[in-house]
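Here are my notes for you as you look through the model. Take the points in order and keep the 3D view open beside them.

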Amino acid sequence: MQFDNICELLKREAGQEAITATDTTSTPPTITIPPALLLSAADCLYRHPDTYFDFLSCLTALDNGPSAGTMEVIYHLYSIPFDHSVALRVEVPRPAAPGELPAVPSVSHLWKSALWHEREAFDLVGIHFEGHPDLRRILLPSDWEGHPLRKDYDEQEYYHGIEVKY
Amino acid sequence: MANPIQYTYDKRHLNNSEPNKFTEGHLQDGEMLINIGPQHPSTHGVLRLEVITDGEIITEVVPHLGYLHRCFEKHAENMPYNQTIPFVDRMDYLAAMNSEHAFAMGVEQMLGIADKIPARVEYIRVLVSELNRLASHFVAIGTYGLDIGAFTPFLWLMRDREHILRLLEWTCGARMLYNYIWVGGLFYDLPVGFEERTREFCQYLLPKMAEMEKLVIENKIFVERTANVGVLSRDLAINYGVSGPMLRASGLRYDLRRVDKYSVYPELDFDIPVGEGAMGTLGDCWDRTWVRVRECHESIRIIRQCLDRLQGDLKRTRDFDPRALVPKKIRPKKQDLYVRAENPKGELGFYFRADGKSDIPLRCKARSPCFVNLSVLSEISRGSMVADLIAIVGSLDMVLGEVDR
């Protein structure tokens with residue numbers, strides 16, 4: 001299935017406003033989806049017999065920095081039987097207060113591989129995945145402060161009496 | 001007075017291994033919380049398993065990772081692409097060449113020079129990658145024997161792996177962390193005589209492989225310990241994003257070397273072994289080991305074909321420079337790219353976001369196969385015995401350097 005057909009299908013099944021932008025210069029081509037419609041779009045791509053994206057290869061979260069003021073979550077989907085791939089991009093505003101986390105719905109009920117990937121994104125970039133059954137830190141200690149892959153991250157000075165800066 | 005050496009159980013002792021997901025209050029009557037790890041021979045690295053058992057039966061497993069976390073992504077987002085390659089080696093330190101190949105391939109695709117790489121360079125890349133795949137599978141099979149109580153296969157396979165490490169050391173001077181495959185080329189051409197030596201090595205290896213198969217795969221104790229243990233169904237494997245030999249052992253003929261047709265793999269002739277459940281259920285621990293053994297044979301086939309080409313029409317010439325295409329300044333256009341390659345453990349993916357202005361990626365994410373393969377552990381080990389848990393963990397063949405990155 002070609003990228004245009006996937007876009008058409010998504011517009012038909014999840015609504016016209018499900019696609020806010022497309023990007024064909026990247027590999028694989030990327031569809032930008034508003035966070036509110038992510039679940040219905042993902043569900044459609046997962047279940048529809050023409051797309052059948054059964055393999056969530058990768059889930060990436062990234063921070064565009066305070067000047068851009070956005071954070072993104074990128075889903076790389078692959079369909080084993082049809083051998084086609086697509087990337088979904090969800091953009092959320094950066095949190096205003098330091099402790100707050102931007103929220104994105106969890107897709108872990110569709111693809112179980114998202115279970116750990118979302119935990120990792122939560123841990124390193126600091127995105128709250130709504131509906132995730134077990135959102136704990138995965139790579140860093142549970143009492144670590146901050147999310148290291150944010151562009152404005154400052155590491156804490158001491159962790160349990162150990163100097164962090166080297 | 002009680003004997004001070006005697007262990008007396010105290011509820012507070014659990015707090016010594018925090019953070020735990022479960023506390024004493026979660027346990028039902030008769031259940032027990034056991035920590036396995038952080039260090040265990042079946043995990044190549046540090047991994048702690050929080051296990052809840054009812055007698056000898058496991059009711060829940062929670063893997064705790066991050067003990068080896070070295071911030072690969074943070075490093076990669078702070079330095080130019082070519083300087084990241086030594087860090088890529090350190091993720092899966094048992095198969096560094098394969099990881100380098102994937103990374104270099106991704107950057108070359110972003111620069112648009114992926115199809116200009118000379119054929120000799122590509123063949124050398126595949127040759128060293130497959131040698132490294134052999135070495136990685138040898139560790140997997142050998143230490144798997146160790147996990148379930150057999151010492152001999154470990155020694156034999158380490159002996160054979162040593163030859164591969166020496167060959168690779170000869171090419172680039174390092175035993176495990178090579179920095180050999182560069183963006184746009186190679187660090188150096190193969191040393192003179194390498195092809196002949198490798199051919200001799202293949203000749204040496206085949207009888208050793210047959211010996212090892214007899215010792216491991218057909219061994220009655222081995223079969224009893226691994227067949228019908230840790231069964232991973234195909235649907236569950238796909239849903240969890242499991243890849244590599246683990247997915248193939250569950251019966252799916254899916255290999256990125258064939259699916260994505262990257263590098264020169266389309267020109268090579270090799271099979272993709274899949275699990276058949278010959279000794280038990282499809283997708284059990286025996287199948288996973290068997291797939292790895294079969295893959296070793298396929299790797300030898302690939303190596304021999306590469307050698308044929310490298311000694312034949314792609315023979316080294318005096319004016320051949322493997323570094324001819326290495327760019328002075330790596331500055332890709334503004335784009336996102338997700339590249340993946342078939343590592344010994346499964347699909348290794350790199351996600352890059354280039355902003356088009358600098359030679360440092362805005363985001364570099366490593367999707368490591370071991371991380372994803374490990375996430376299925378609690379699903380497949382529920383209901384099995386504690387001793388089988390070690391067999392299951394060993395059969396995942398993970399390297400914690402890649403799980404934690």
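1. Axes are lines fitted to C-alpha atoms, for helices over the stretch in contact, and angles run from 0 to 180 degrees between N-to-C directions. Bear in mind that this is a predicted model, where local features need pLDDT of at least 70, side-chain atom pairs count only at pLDDT 80 or more, and totals for chains, interfaces and linings use all residues. Residues are numbered from 1 along each chain as its sequence is written, chains are lettered from A and ligands numbered from 1 in the order in which they are written, and side-chain values use heavy atoms, with hydrogens and water left out.

2. Go to chain B and find helix 6 (residues 194-216) and helix 11 (residues 285-311): their axes come within 10 Å and cross at roughly 165 degrees. That makes helix 6 of chain B roughly antiparallel to helix 11 of chain B (angles under 35 degrees count as roughly parallel, over 145 as roughly antiparallel, 65 to 115 as roughly perpendicular and the rest as oblique).

3. Now try helix 4 (residues 119-147) and helix 5 (residues 152-172) of chain B, which pack at about 160 degrees with their axes 9 Å apart. So helix 4 of chain B is roughly antiparallel to helix 5 of chain B. Their contact includes Leu131(B) and Phe138(B) on helix 4 of chain B, with Leu157(B) and Ile164(B) on helix 5 of chain B. The class count here is 15 nonpolar, 3 polar and 2 charged residues.

4. How many residues of chain B are in contact with chain A? There are 39, and they touch 42 residues of chain A. The two chains bury about 3,400 Å² between them, 58% of it on carbon and sulfur atoms (buried area is the accessible area, 1.4 Å probe, that two parts lose on being put together, summed over both). Asn239(B), Tyr338(B) and Phe371(B) supply 17% of what chain B buries against chain A, more than any other three residues.

5. Check the salt bridges too (a side-chain nitrogen of Lys or Arg within 4 Å of a carboxyl oxygen of Asp or Glu). Arg89(A) pairs with Asp336(B) at 2.9 Å, N to O. Arg89(A) lies in strand 5 (residues 84-93) of chain A and Asp336(B) in strand 6 (residues 335-343) of chain B, so the pair joins two chains. Another salt bridge links Arg405(B) to Glu120(A), with the closest N and O atoms 3.1 Å apart.

6. Finally, look at two loops in chain A. A cis peptide bond, omega about -10 degrees, joins Thr27(A) and Pro28(A), and Pro28(A) is in the loop between strand 1 (21-23) and strand 2 (30-33) of chain A. Tyr52(A), in the loop between helix 2 (38-47) and strand 3 (55-63) of chain A, has a phi near 50 degrees, a positive value in a residue other than glycine.

Definitions and conventions
Helix = DSSP H or I, 4+ residues; strand = E, 2+ residues; numbered from the N terminus. Contact = heavy atoms within 4.5 Å. Nonpolar A, V, L, I, M, F, W, Y, C, P; charged D, E, K, R; others polar.
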